[in-house]
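This briefing is meant to be read beside the sequence and the 3D view. It takes up local backbone features, then helix packing, and then the chain as a whole.

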Amino acid sequence: MSNTTQVPHRRPVRNSPGAAPAAPPRARRRPSSQQWAAWAFLAPVVLYLALFYAYPLFRNIDLSLRDYTVRSFVQGDAPFTGLANYRTVLDDPTFAPALLHTVVFTAVCLAFQYVIGLALAVFFNQNFRLSATLRALFLVPWLLPLIVSASTWSWMLNSESGVVNAALHAVGIGPVNWLTSPSWSLTSVIIANVWVGVPFNLVVLYSGLQSIPAGLYEAAALDGAGAWRRFWSITFPLLRPVSAITLLLGLVYTLKVFDIIWIMTKGGPADSSTTFATWSYQLGFGNLLPAFGPGAAVGNLLVVAALVFGLIYMRVQRKQGLS
């Protein structure tokens with residue numbers, strides 16, 4: 001008689017018809033040290049974005065939806081008014097001129113900054129003697145604080161003692177009231193902002209030109225293409241992605257330009273250079289009785305405009321990537 005123990009035969013468990021197969025139990029995985037390290041590096045960025053971007057944006061939206069006064073701003077008991085502040089802004093007689101000035105200021109500044117920056121980038125791409133030194137000098141307007149740049153342009157465009165009117169007088173042209181005339185105030189702040197923004201376009205577009213292979217220009221030259229044809233057939237098309245991001249960043253920056261306009265003209269005279277950025281500040285902080293709600297509503301309109309153009313840019317880039 002054998003002493004071996006016979007193991008009973010187990011029938012395999014069959015699932016009932018239509019039932020999903022039973023998944024084997026999975027052990028719960030604990031985060032590894034690398035994952036904890038990744039979260040540790042990510043936490044300061046998330047905290048920074050939450051404190052300095054998400055929370056201020058939330059507070060600005062809350063300001064635009066309530067009737068805040070100085071007392072309620074301190075005590076925090078402002079009544080909810082919905083879209084009343086936005087209706088107040090849209091019905092204000094300053095809205096239409098401010099919208100027009102914002103569009104003109106942004107469009108003209110973007111056009112001149114891009115064209116001048118592209119021309120300088122192409123010029124410096126030839127790598128002639130003193131090219132690096134001149135490029136460094138062109139960065140000075142970008143490196144200066146905006147208050148210094150705006151104050152300098154205010155002095156230069158002064159009607160009585162400015163160097164610009166002195167130069168015009170030397171060639172027989174009468175003085176121009178650059179900062180005190182409603183016909184010239186917007187032009188004055190546009191000139192100053194173009195001067196500040198050209199170096200940024202120069203740096204970004206010059207970097208884009210460095211990535212274009214030199215062999216393309218050599219092949220085009222062998223085919224008999226002139227400088228203008230090489231620019232339109234090689235340089236401009238290959239710079240399109242860089243140009244798009246340059247114009248988008250310039251648009252977002254120009255929409256919110258406040259320092260230059262406020263220091264030079266304060267939006268005047270007679271609101272002739274008022275934009276949404278200066279109007280928002282004037283409503284919230286420029287009066288004895290501040291209108292926090294309408295000022296926040298104007299600021300939110302700027303945020304929405306920048307967001308819309310950002311989404312358009314992302315959509316265009318996605319289409320170009322798919323094609």
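Predicted model: local features only at pLDDT ≥ 70, side-chain atom pairs only at ≥ 80, totals over all residues.

**Loops, helix packing and overall make-up**

Leu 130 lies in the loop that links H4 to helix H5 (131-138). Leu 130 is not a glycine, yet its phi is positive, at about 70°.

**Backbone features in loops**

- With a relative accessibility of 56%, above the 50% cut-off, Leu 130 is therefore classed as exposed.
- Lys 266, which is not a glycine either, likewise has a positive phi, in this case of about 55°, and its place is in the loop between H13 and H14.
- Because its relative accessibility is 52%, Lys 266 counts as exposed.
- The loop between helix H13 (259-264) and helix H14 (276-285) also contains Pro 269, and the peptide bond that leads from Gly 268 to Pro 269 is cis, with omega near -5°.

**Packing of H9 against H12**

- Helix H9, which covers residues 185-210, packs on helix H12, residues 240-255, at an angle of about 155°, and the two axes are 10 Å apart.
- Since angles over 145 degrees fall into that class, H9 and H12 are therefore described as roughly antiparallel to each other.
- The crossing in which H9 passes H12 is right-handed.
- On the H9 side the contact is formed by Asn 193, Val 196, Phe 200, Asn 201, Val 204, Leu 205 and Gly 208, while H12 contributes Val 242, Ser 243, Thr 246, Leu 249, Tyr 253 and Thr 254.
- Sorted by class, the residues in the contact of H9 with H12 are seven nonpolar and six polar, with no charged residues.

**Packing of H4 against H12**

- Helix H4, residues 95-124, also packs with H12, here at an angle of about 140° and with the axes 10 Å apart.
- The orientation of H4 and H12 is therefore classed as oblique, and their crossing is right-handed.
- From H4, the residues that make the contact are Thr 102, Phe 105, Thr 106, Cys 109, Leu 110, Gln 113 and Tyr 114, and they meet Ser 243, Leu 247, Gly 250, Leu 251, Thr 254 and Leu 255 of H12.
- The contact of H4 with H12 comprises seven nonpolar, six polar and no charged residues.
- Ser 243 and Thr 254 of H12 are listed in the contact with H9 and are also listed in the contact with H4.

- Thr 88 belongs to helix H3, residues 84-91, and, because its relative accessibility is 44%, it counts as partly exposed.
- Although 206 residues separate Thr 88 from Pro 294 in sequence, their C-alpha atoms are 6.9 Å apart in space.

**The chain as a whole**

- The secondary structure of the protein chain consists of 15 helices and zero strands.
- The chain has 323 residues, of which 33% count as buried.
- Among the contacts in the protein chain with a separation of 6 or more, 65% are between residues 24 or more positions apart.
- The protein chain exposes about 21400 Å², and carbon and sulfur atoms supply 67% of that area.

Definitions and conventions:
Residues numbered from 1 in each chain as written. Heavy atoms only, no water. Axes fitted to C-alpha atoms, helices over the stretch in contact; angles between N-to-C directions. Helix = DSSP H or I, 4+ residues; strand = E, 2+ residues; numbered from the N terminus. Parallel < 35°, antiparallel > 145°, perpendicular 65-115°, else oblique. Left-handed = near helix turned anticlockwise from the far one by under 90°. Contact = heavy atoms within 4.5 Å. Nonpolar A, V, L, I, M, F, W, Y, C, P; charged D, E, K, R; others polar. Buried < 20%, exposed > 50% of the residue type's maximum accessible area, 1.4 Å probe, protein only. Areas by Shrake-Rupley, 256 points an atom, 1.4 Å probe, with all protein chains shown as cover.
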